Amino acid sequence: MDSAHPEFMETLQNFQFIRQLNEDTHSKSITLLGSIADEKTGKEEQSILLVEKLHFHASEIPVLVSSRLQSPKLTFNNDIYHWYKSNIKNDESIPDIKMTLIYPATEIHIKKYSKQEGVMVRETPDMYKQVVLPYIEGFPTSRIQWVYNILDKVQESERIVFEDPDKEHGFILLPDSKWDQTTMNALYLLVICHRHDVRSLRDLRSQHLELLRRIQREIPKAVVAKYPHVSEDQLKLYIHYQPSYYHFHVHVTHVALSSSPGATVGKANLLDTVIDNIENIDHEYYAKCTLSYVLGTDHGLYEGVQQYLNAPK
Ligand code: G7M
């Protein structure tokens, strides 16, 4: 089934700005809270719009100065240094921005996309049992409907890059919705496993080694076959803890993206290390270890973690 439904074009045009939730001057992106009136009921629904300025398209780089600039102006110069400002000419085949609309958005989404401080959490197996597991179990399955849509080929089926159809050890590889699918240095794909019973890194045991090894073996080959401009040793495979969605998945990014918050210590756990821990250290490693990570102060786990840490022992 085609993933793009034209009726959502109008949905975006009905977005009414409420306030800015966040911005990132480095990635040139902003996150906005707005409302959109439901077409049938007229009820205003909260919505989040992520707007990101896109990188230069490979095809425009050689002709950028000769034909893409629109009346550049010299703003300043000093000795051999000259500064200019300009607009890039409108060209529908080369979009300037990428937008993600979450509609309707829940309070969990609004918190997730709002600017917030982070704290370091050291999650012991007991903290997992008392605080994190009940939090995961309280998640409505509707939160991961998009994952089931991919696995059931209801959405994004034309974007699938590779599939191992085995129900126990198999997975689907496809572009992450964050990636513009053209900038190779920002390559970002997602591996989603077919089985539904692995919620996160914490659930991994020796019985999952076959799944993990298949990902480790097959994914670099599949990515390079589809995107020949990258090589296997430019790929980084890692697992988020805490993830946003509790259905096991692995992130595949270009090493050049290594400074993004999701690819760094305190969030990303290298697949190679995870396999090594289960295989060589302890088959129950992730049931026994303490996992340290950065948690946003607006995250749904934050209050529970603080109560747990402050409770008399
Ligand atoms: O932090 P966590 O490991 O849960 O990351 C989930 C990833 O899923 C993020 O990198 C998102 O950009 C990505 N993602 C989220 N949604 C809702 C979608 C989607 O609908 N399609 C695709 N392809 N990726 C998504």
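The model is predicted, with local features needing pLDDT of at least 70 and side-chain atom pairs counted only at pLDDT 80 or more, while totals for chains, interfaces and linings use all residues. Residues are numbered from 1 along each chain as its sequence is written, and side-chain values use heavy atoms, with hydrogens and water left out.

**First stop: α6 and α7**

Select residues 209–226, which form helix α6, together with residues 271–281, which form helix α7; the two pack at an angle of about 150°, with their axes 10 Å apart. Helices here are DSSP runs of H or I with at least four residues, strands are runs of E with at least two, and both are numbered from the N terminus. Axes are lines fitted to C-alpha atoms, for helices over the stretch in contact, and angles run from 0 to 180 degrees between N-to-C directions. The angle makes α6 roughly antiparallel to α7, a term for angles over 145 degrees, whereas those under 35 count as roughly parallel, 65 to 115 as roughly perpendicular and the rest as oblique. Now show the side chains of L209, L212, R213, I215 and Q216 in α6 and of L271, D272, V274, I275, I278 and E279 in α7, which make the contact, where contact means heavy atoms within 4.5 Å. The residues of this contact divide into 7 nonpolar, 1 polar and 3 charged; Ala, Val, Leu, Ile, Met, Phe, Trp, Tyr, Cys and Pro count as nonpolar, Asp, Glu, Lys and Arg as charged, and the others, Gly among them, as polar.

**Third stop: a cavity and a pocket**

On a 1 Å grid over the protein atoms alone, a cavity is a set of points where a 1.4 Å probe fits but cannot get out, and a pocket is an open set with protein on both sides within 12 Å along at least five of seven lines; lining residues have an atom within 4 Å of a point. A search of the whole structure finds 1 cavity of 30 Å³ or more. To see the largest cavity, select R199, S200, L201, I239, H240, P243, Y245, H247, F248 and H249, which line it; its volume is about 50 Å³, a volume being the space filled by probe spheres set on grid points joined across faces, edges and corners.

The second largest pocket holds about 320 Å³ of space, and of the 15 residues lining this pocket, F56, H57, D180, T182 and T183 are the closest to its centre.

Y103 and P104 are joined by a cis peptide bond with omega of about -5°, and P104 is in the loop between β6 (97–102) and α3 (107–113). Another cis peptide bond, with omega of about -5°, joins Y241 and Q242, and Q242 is placed in the loop between β11 (235–240) and β12 (249–254). Finally, select K153, a residue other than glycine whose phi is positive, near 60°, in the loop between α5 (145–151) and β8 (162–164).
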